[in-house]
Amino acid sequence: MIVELGHFALTLALALSLVQAAAPLAGTTLGDHRLMAVAGPTAMAAFLMTALSFAALMASYAASDFSVANVYANSHSLQPMIFKLTSVWGNHEGSMLLWALILTLFGALVALFGGNLPERLRANVIAVQGVVGVAFFLFLLLTSNPFARLDPAPIEGEDLNPILQDFGLAVHPPLLYLGYVGYSICFAFAVAALIDGKLDAAWARWVRPWTMAAWIFLTLGIAMGSYWAYYELGWGGFWFWDPVENASFMPWLAGTALLHSAIVMEKREALKIWTVLLAIIAFSFSLLGTFLVRSGVLTSVHAFATDPARGVFILAILVIFIGGSLALFALRAQTLNAGGLFHPISREGALVFNNLILVTAAATVFVGTLYPLFLEAIDGSKISVGAPFFNLTFGALAAPLLIAVPFGPMMAWKRGDLFAATQRLFAALGGALAIGALVMLFVDRNALFAALGAALAAWLLLGAVSDLVLRAGLSKGASVSWSRLKGLPNSVYGTALGHAGLGLTVLGMAMTSALQEERILAMKTGESVEVAGYRLDFKAYEPTQGPNFTEDRALFDLTGTGGEALGEIFAGKRVYQARRMPTTESGIRTFGFSQLYVSLGDPQDNGGIAVRIWWKPFVTLIWIGGVVMALGGLVSLADRRLRVGAPAARRKPVAVVQ
Amino acid sequence: MLFWLFAAFLTLIAALAVLWPWLRRPSSPQAEAVGDLAVYRDQLAELDRDVARGVIAAETATEARAEIARRVLKASAKAGEPVRSARNLRLAGVAAVLAVPLIGWSFYATLGAPGLPAQPLAERMTRNPANNSVEELVARAESHLKANPDDASGWEVIAPIYMRIGRVDDAIKAYETLIRLAGQSADREAALGEALLTRDNGVIGPDSRAAFDRALMLDSKHAKARFFVALAHAQAGKLGQAKAQWTSLIADVDPASPWVGASREALAQVDQIAGGSAPAPADKGPTQEEVAAANDMSAGDRAAMIDSMVARLDASLKEKPGDLDGWKKLVRAYLVMGKPDAARDAIVRAEKGLDSGRFAELKTFARDAGMTGLD
């Protein structure tokens, strides 16, 4: 009965979303307050129904109810409970239900906390959110119903894809979806503004925190996904420019741009139209990502099932939402007033620079990701656009942006002084150059890339510190500085943390890419190998038994650089019984920020086994940086102040451009 | 019934949510620009707090205040505009409320399966065995054996079932476990050999040959082992040796034994090979393709396949009622399939074909296999 109630609740959620979309829009058109007021309670009820539905599916997974086709196809009675539960979204139907759940959750949150929004804006925002909901509920019920039943019920499930049977699945998709779907709120605000043809002051106040929240989740989701791929797939890489990764990276780039332009918008009421457009673009990339992953256009771990009907349906959603909102934008953009003026050399100017580069970078990734698909559709030829293309184009775009980052917070609003900002960054610049030279001289004389990377990372980190130090005012004595430092608003700390996190990630990437050591060899038990001063003695190769898999484990004794014993490290190869599918389990040992990474290959003819060992210096900084960035976002989000951009007084007349 | 009650309750909640604005007094409508003014007022207050905290300098604050003041002026100009009068659209409200049950129920009516109960695995495992399918019975036995891996009689029961439903690898493991736990016997070793050769597409490899040899060490007259050892010779090309062994097998064992017929057929085939008209004989058990096919089948198809196998066995026993092993297989099959009545019927029919000693053996076997209510 629980399953069927879940199914029924899902159909009710569709019905509620339809009302949520239609009634408030009718209300704002006809000027009826009651119809507008339908938005709030309906959005909350839609969330309640979706949550019931999701809970019912989860209960079916927990009880291994194989009369539900989705449970049968994606779980196994012997899985540990945690993986039974995460299997709920480890498949196409369940993950779309999670999408819908988060979508309705955000709709309900706007309804719950949007009391201080102007009535019409609130009604329109929730209605647009409802329209998105209708599309996804229809998609669920018509092409990907998670509640399809089997009669008679099979006795055992087909198990979840073994690669997904990992704690990563518990964290990565929900975080990523919170990010993706979070942009739907920004989108709803943008479209609501376009529908009414006016941007309220409250608009900017609302869009920034939502953008920030979505961005935090997306950042964490991508960092988590990257670390998961790193340890689970056994290739030792952290980013593969895989189309599916790019699908999550594009909304991140657009969202980062949106985040910065929303700041300008809130503080200075400038860049309004651009911000609206960016909000549409960010959500469009989220939808595009969903389309790329869910339609089966791309073959990857993420493409759970391929079904042309789904592809066409998602394509239709994509065309309607992206095309519709852009058409509305073209129609209404002139009626929005442009807002504040600023000089090109100013905080606003720096943020525009950031926006231009981020959007260009997103476009580059977009082209690189879709060009092969496009070419295949035209003449059937298969090409792959890989890391070399992205490293070159994306790297070339990112470098000037990274150099510019520390300048931004140093500039005054409205009109700034580039020379003064450079003077204030002198210490950071000197430090960065010194660190680059040190790396060149003492670590590796041939590693120009490592030296440049380290210098750039130091520049970002020291730039962030300089910002805080200068704001505290060093020259005024320790106690004054301290009290001023404490008095700084959270948003200043958020900025510093965010930029410093970026520096950490750059440092990790540069060090790992330039200085990692790799050994690939065939080993037999009793043999030993040395990597980066650590010695690994292949002690044993033995089978072990997991709940729903068998694993062959290679055990190594680890000896440190000074000859001290560091215990065991083991890597394994698993075979999951139900799917007869092998996976690798890499053995990872962390030393400070660096890691020793062992992964097993195929058994060799001579009785040995292929072993790959990497020494990855500072590799964990890549993800720690991501977490620090998200932390910065969180600190900034906790700053509940209204944002007022205090412009610098005009000292000498300058030409003001619009 | 309970389902419909809950469904109606959910519908009620959904409809009430839509109806909510009509259930309470309307709040007084707010001028649109008033919201903007409130935001700006908050911003001015915030600016004062920032100055008080010393976060921004006084002159910058003045500049900012001037800018906000400009925004306030713009917004106040609009604040005087009258609010559009609200019309009362009762009909639209009624339509919105009715849309919820109409859309929800019509979608569910097309897509749902309200009569189909949930089937959590744990509950299915505790149900009366008579209502379980073969697969469920196997799963029950497996979970029992997972909890009691040393229960030899459990392995003894499940091993032939594995063979029958085509899970040959599991059958091999079960026989190996059984031999480890309960010790060797000619029957067990021969059954293991048979499982191994089924896995190898009917070709007798070194491991299955070794199993048959062990069976013959324990009982040199064991018919199944002798048959397959002869087959091994035939497959190795030693046709003369094979023929001699089959001939002596036919002479030795009870003429009602299935191995007599099998040996005769094998002999005929060997003669054909001698004449150069047929390939080397292979085992006549299910081929790997058939086993693989069974694995790929859906639950329903597999049940149908088992049904037809059992029906074939039943029919052949009508012609050869003296085949004790056949009767045993049939009774066991019916018990496994959850058809105790059919098993009882088979025992009644077997009484006519078997002598009293062998019939008693069949009854003992049936009792051991879990049959109740005999005599």
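How much area is buried between domain 1 of chain B and domain 2 of chain B, and what percentage of it do carbon and sulfur atoms give? The area is about 700 Å², and carbon and sulfur atoms give 62% of it. Buried area here is the accessible area (1.4 Å probe) that two parts lose on being put together, summed over both.

This is a predicted model, in which local features need pLDDT of at least 70 and side-chain atom pairs count only at pLDDT 80 or more, while totals for chains, interfaces and linings use all residues. Residues are numbered from 1 along each chain as its sequence is written, chains are lettered from A and ligands numbered from 1 in the order in which they are written, and side-chain values use heavy atoms, with hydrogens and water left out.

The two domains of chain B span 135–274 (domain 1) and 312–375 (domain 2); domain bounds come from an automatic or database domain assignment. Their C-alpha centres lie 21 Å apart. Seven residues of domain 1 of chain B are in contact with eight residues of domain 2 of chain B, where contact means heavy atoms within 4.5 Å. Of the area that domain 1 of chain B buries against domain 2 of chain B, 48% is supplied by Leu137(B), Arg164(B) and Pro258(B), more than by any other three residues.

Between these domains of chain B the count is one salt bridge, defined as a side-chain nitrogen of Lys or Arg within 4 Å of a carboxyl oxygen of Asp or Glu. In chain B, Arg358(B) and Asp254(B) meet through their side chains in a salt bridge, at 3.5 Å from N to O. Helix H7 (residues 152–164) of chain B gives the most to the side of domain 1 of chain B that touches domain 2 of chain B, with three residues. Helices (H or I, at least four residues) and strands (E, at least two) are DSSP runs, numbered from the N terminus. By class, that side of domain 1 of chain B holds five nonpolar, no polar and two charged residues. Ala, Val, Leu, Ile, Met, Phe, Trp, Tyr, Cys and Pro count as nonpolar, Asp, Glu, Lys and Arg as charged, and the others, Gly among them, as polar.

Chain A is divided into domain 1 (1–165), domain 2 (425–515 + 620–638) and domain 3 (517–616). The C-alpha centres of domain 2 of chain A and domain 3 of chain A are 35 Å apart. Five residues of domain 2 of chain A are in contact with six of domain 3 of chain A, and the two domains bury about 430 Å² between them, 62% of it on carbon and sulfur atoms. Thr512(A), Leu515(A) and Thr620(A) supply 74% of the area that domain 2 of chain A buries against domain 3 of chain A, more than any other three residues. The count between these two domains of chain A is zero salt bridges. Helix H20 (490–515) and helix H21 (621–638) of chain A each supply at least two residues of the side of domain 2 of chain A that touches domain 3 of chain A. The residues of that side divide into three nonpolar, two polar and no charged.

Next comes the interface between the chains. There, 71 residues of chain A are in contact with 69 residues of chain B. The area buried between chain A and chain B is about 6,000 Å², with 66% given by carbon and sulfur atoms. In chain A, Phe8(A), Arg34(A) and Ile155(A) lose the most area to chain B, together 13% of what that side buries. Across this interface the rule finds zero salt bridges. Several helices of chain A give two or more residues to the side that touches chain B, including H1 (2–30), H3 (39–62) and H9 (201–232). H1(A) gives the most to that side, with 16 residues. The side of chain A that touches chain B has 39 nonpolar, 14 polar and 18 charged residues.

Over all chains, the salt bridges number 28. One of them joins Glu4(A) and Arg149(A), whose closest N and O atoms are 2.8 Å apart. This pair links distant parts of the chain, with Glu4(A) in helix H1 of chain A and Arg149(A) in the loop between H7 and helix H8 (167–196) of chain A, 145 residues apart.
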